[in-house]
Amino acid sequence: MLVVDQKSLTPAVASPVRPALEGVVAYKAGMTLAEAARRAGRTDLSKLASNENLLGCSPKVADAVKAALASPEIYPHPFCETLPASIGLRLATHAGRIVVTPGSEALIDYLFRAVLHPGDSILLSAPTFPAYGIFGACAEASFIDVPRLESFDLDVEAFKLEAAKGPKLMVLCTPNNPTGNAMSGVDMAEILAVTPRSTVVFVDEAYREYHAAFDTLALLKAWGGTWVSGRTFSKAYGLAGLRVGYGICSSVVLVGYLDRIRPPFNVAAISQAAALAAWDDQEHLCRTVALTIAERGRVEAGLDAMAVQRTRSSANFVFLRSPAGAEATAMRLLQDGLIVRPTHVPGGWVRITIGRPADNDRLIAALPAALAL
Ligand SMILES: *Cc1c(COP(=O)(O)O)cnc(C)c1O
């Protein structure tokens, strides 16, 4: 049992912490399997709350991790050795422009800390991934939010008006979490065309493998300012537990600044090895992505048969409106062994990850009762 020292709960001195942190709420992750098991009183759970790839990572990862485990006493390679070269080769990008990080969350943190002064503005479009709000607030930035359309697509015209004013940083999350909406290449090109090159552009492509519809890097390069495309091994590559993300940056110089701000040995040796093995097994990636997209179609057909309002998702999850409300639906599904993600988006919107076929069967069977008023 955890014994709490009561004295440690009440600080003896005034908080030494920067006031900016008082307004920040720590990231609330999806329900863990242990918590769900306790609350639902069952262990046969489908974890559909965190957009992990339940089909699993490449079978080649296990051997790579085992090999890397042979010498845990040695520090990992500070620049992840061969990973940037392998990534660069496939993306036709100089390895020096690729930074590998412990999850792409860390990339967001490093970039924001590297470029934001207190009071700088971040242009984004809510509802979107909470990390921008958290790391932006920690860096004492201010936010310009261009709310999404009723469909949750980006309001491109309204966004262009704000982009043209030259915010310090602009975030484009596509496909967007939690709504699943993707931008088109034309949308992105139009936005970049009006964006001054003094703005830093961060394109979050955590779900890119599910929607590689256009060449983001070519558009960013043609625009010519300072930019980072953030990608991850956590979603389609199935390595969320090992924490590896990467950024493709506009210049080697920018990577050099990110190297100054990050801890030198931030990506564990086993994680580096796992990511390299996963990267080299594109066949496995393509297979699981194709199955997930097909399964998403099956879940969407189920939702449409129930006349449930949903977005057009280009990622490995669906985003739907529950007449019963988000929390009630999540609680009912939990009793059925399904962990999903209720959101605070007004109207009762719930995000549900596409799992293995059996998980999705369970979901489709449980949804009518879970969504009913
Ligand atoms: C999951 C996710 C990430 C971060 O994932 P990491 O595990 O830190 O790589 C970043 N952006 C979006 C939009 C995500 O959904």
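**A walk from a loop to the sheet**

Let's start with Ala 26, which sits in the loop that links α1 (6-9) to α2 (33-40); helices here are DSSP runs of H or I with at least four residues, strands are runs of E with at least two, and both are numbered from the N terminus. The model is a predicted one, in which local features need pLDDT of at least 70 and side-chain atom pairs count only at pLDDT 80 or more, while totals for chains, interfaces and linings use all residues. Residues are numbered from 1 along each chain as its sequence is written, and side-chain values use heavy atoms, leaving out hydrogens and water.

Ala 26 counts as exposed because its relative accessibility is 65% (exposed is over 50%, buried under 20%, partly exposed in between, with a 1.4 Å probe and protein chains only). Its C-alpha atom is separated by 34 Å from that of Ala 64, 38 residues apart along the chain.

Now to the sheet. It is open and mixed, with 7 strands in the order β2-β8-β7-β6-β5-β3-β4; two strands pair if DSSP finds at least two bridges between them. β2 (98-101) and β4 (142-145) each have a single partner strand, so one side of each lacks a neighbour in the sheet.
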